[in-house]
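Please keep the sequence and the structure in view while reading.

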Amino acid sequence: SAPLMLLFGEGDLNRDFIVEQETEEEPATPGHQLLRLVPRIPQGDFSFVLLEIDPGSSLLSRLSIIEPVGGRNDYLFDNIEQNTKVSDRLFKLKVPSGVEIIEQ
């Protein structure tokens, strides 16, 4: 969905949403900032998205997807590590029989 695509660097925040300061809900963590993202084109599966941002680090700490009937999905982020090296040993490629590997 559009809100989760933002996490993966897909989509365009300014093109797809009207971004405004959230005034109806308090942040889960005191001192954080809340933004409300209202889709420019109405969506059937969500009404708006809340982003909670830590102003000290500019990192996202919560993404809340608010549904038209009032239900919500909250995604909480903590212990975020940026640009962390991941060992190649963590990845194992198991090639199914009959599959050709093309290296470039």
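Where is the place of glycine 11? Glycine 11 lies in the loop between H1 and helix H2 (13–16); helices (H or I, at least four residues) and strands (E, at least two) are DSSP runs, numbered from the N terminus. The model is a predicted one, in which local features need pLDDT of at least 70 and side-chain atom pairs count only at pLDDT 80 or more, while totals for chains, interfaces and linings use all residues. Residues are numbered from 1 along each chain as its sequence is written, and side-chain values use heavy atoms, with hydrogens and water left out.

With a relative accessible area of 51%, glycine 11 is exposed; the term means over 50%, whereas buried means under 20% and partly exposed lies in between (1.4 Å probe, protein chains only). Between the C-alpha atoms of glycine 11 and aspartate 78 the separation is 24 Å, and the two residues are 67 residues apart along the chain.

The strands come next. Five of them form an open sheet in the order E1-E2-E3-E4-E5, with antiparallel pairing; two strands pair if DSSP finds at least two bridges between them. Strand E1 (17–21) and strand E5 (72–76) are the edge strands, each pairing on one side only. Within the sheet, E3 and E4 are joined in the antiparallel sense over seven bridges. Valine 49, for instance, has isoleucine 65 in E4 as its bridge partner.

The structure also holds one aromatic pair. The ring centres of phenylalanine 17 and phenylalanine 46 are 6.4 Å apart and the planes stand at 40°, so the pair is tilted. Rings of Phe, Tyr and Trp (its six-membered ring) pair if their centres lie within 6.5 Å; planes under 30 degrees apart count as stacked, over 60 as edge-to-face and the rest as tilted. This pair links distant parts of the chain, since phenylalanine 17 belongs to strand E1 and phenylalanine 46 to the loop between strand E2 (33–39) and E3, 29 residues apart. Phenylalanine 17 counts as buried because its relative accessibility is 2%, and phenylalanine 46 counts as buried at 2%.

Finally, which residues line the largest pocket? They are Leu6, Leu7, Leu13, Leu51, Ile53, Leu60 and Leu63. Helix H1 (2–7), strand E3 (48–54) and strand E4 (59–66) are the elements that give two or more residues to this lining. A pocket is an open set of points on a 1 Å grid over the protein atoms alone, where a 1.4 Å probe fits, with protein on both sides within 12 Å along at least five of seven lines; lining residues have an atom within 4 Å of a point.
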